[in-house]
Amino acid sequence: MPVLMFIMDGLPDRPVGGKTPLTVAKKPKLDKIAEIGVNGIMDTISPGIRPGSDTSHLALLGYDPYRFYTGRGPIEAAGVGIELKPGDVAFRANFATVVGNGRVFDKVVVDRRAGRIEQTEDLVKALNEIDLDVEFEVARATGHRAVVVFRGISSAELGETDPKVVGEKVKTCKPLNDSARRAAEIVNEFMQKAHEVLDRHPLNLEREKKGLPKANAILLRGAGVMKEIPSFRDKYGLDLAVVSATALIKGVGKIVGGEVFTPAGATGNKKTDLEAKMNAALDLLKKKDVVLLHIKAPDEIGHDRDFDGKVEFLERLDSYLDKILELDFSKNCLIVTSDHSTPVTVGEHTADPVVVSVVHEGVRVDDVKRFTEFDAPKGGLCRIRGMDLLNIALDLLNLSKKFGA
Ligand code: ZN
Ligand code: ZN
């Protein structure tokens, strides 16, 4: 009795001249889903709260983000494959170019992306050989990005070492309270040693010869401490699989103990191989109880403020929904929704509620026939919270537990 949660990141919009990409796009299959399902709108976190993709995905999986959110660092770290334990502190990191004399903190950042360096395997390897008082791990993320995890230092009350703008000095990591003092010292020691190792690394000497910016510092931000979080299996007695190409979403899946899949060709942008993603999700649906299929592109296009781009992507996406419509809805439950709105007029996430359709043999089908921001509120689901969503699906499948006698 599996559940397919199909999440179109940042899809819903605010109207422009009364229209949104969802009302303009030709999307017969998404509309069919609305027609055969029960529809509504959803505040993934709470009305008026602008959700991040991480906090909203936690909520969609039934985890209260106010209780379980770790900050972005640990989620990104989990997303790139680092196993985290409670008490580990993770930062997001950038390879950067610094110039000047003295210690790393005396030097000025001239390129926060080190010329958008791509090949960082050897640099990461060298960083992991640094001698430090605590255990730590550096892992590559996409492009010039990386994550750094300090094991068991517990306090994430730590400032950033990334000045965020070029022309400024590398910041020392400041403890934000007294108990973080030792942790900050460790981070600063790492910063200095990392700079020494990177600055003389053969790959950087080679880059210098070619006139490329050296990736000779690593800048840290977004510290978060890993929390004790019940696994999806412990919480629901069910297996979770996540299909996504986005480290942040894969990380959410990982920290709740889900299995994470990125099919070849999945890119996390509008060129992604939609067929590969659909096939992967439908395949997993035969083996897992809950499969979350995440499509990143609508959010990215929303950030780019590209109305027509959203329409175009939606129409392409719709053409891949046949197999989902062919599911046996006496056995499967299908949820089609988003983690938040990313209106093209704003270019950022907003708290405008998202559209949600739930399809299963047992749902009270309503009169809604189109999957849009304007039709959905007339449906039978009315307005729900993100944390209610999975409960609703599990109840439809008679998998939820009774509260009381
Ligand atoms: Zn999102
Ligand atoms: Zn976004």
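Predicted model: local features only at pLDDT ≥ 70, side-chain atom pairs only at ≥ 80, totals over all residues.
The side chains of Asp322 and Lys29 come together in a salt bridge, with 3.3 Å from N to O; the term stands for a side-chain nitrogen of Lys or Arg within 4 Å of a carboxyl oxygen of Asp or Glu. This pair links distant parts of the chain, as Asp322 sits in helix H14 (residues 322-325) and Lys29 in helix H2 (residues 28-36), 293 residues apart. Helices (H or I, at least four residues) and strands (E, at least two) are DSSP runs, numbered from the N terminus. With a relative accessibility of 37%, Asp322 counts as partly exposed; buried means under 20% relative accessible area, exposed over 50%, and partly exposed in between (1.4 Å probe, protein chains only).

Residues are numbered from 1 along each chain as its sequence is written, chains are lettered from A and ligands numbered from 1 in the order in which they are written, and side-chain values use heavy atoms, with hydrogens and water left out.

In total, the structure holds 26 salt bridges. Another one of them joins Glu76 and Arg92 at 3.7 Å, N to O. Glu76 belongs to helix H5 (residues 72-79) and Arg92 to strand S3 (residues 89-99), so this pair ties together parts that are 16 residues apart in sequence. Both Glu76 and Arg92 are buried.

A further salt bridge, at 3.0 Å from N to O, is found between Arg182 and Glu185. These two residues are three residues apart in helix H7 (residues 181-199), which means that about one helical turn separates them. Arg182 is partly exposed, at 41% relative accessible area, and Glu185 is partly exposed as well, at 45%. Elsewhere, salt bridges that share partners join Asp9, Lys296 and Asp299 into one network.

The zinc ion (ligand 1) is coordinated by Asp9 (OD), Asp9 (OD), Ser53 (OG), Asp339 (OD) and His340 (NE2), at 1.9 to 2.8 Å. Donors are N, O and S atoms within 2.8 Å of the metal (3.2 Å for Na, K and Ca); water is not among the atoms, so sites may look incomplete. Along the chain, the donors follow the spacing D-x43-S-x285-D-H. Asp9, in the loop between strand S1 (3-8) and helix H1 (21-24), and Asp339, in the loop between strand S11 (333-337) and strand S12 (354-359), are 330 residues apart. Asp9 is buried at 0% relative accessibility, and Asp339 is buried with a relative accessible area of 0%. The zinc ion (ligand 2) lies 4.7 Å from the zinc ion (ligand 1).
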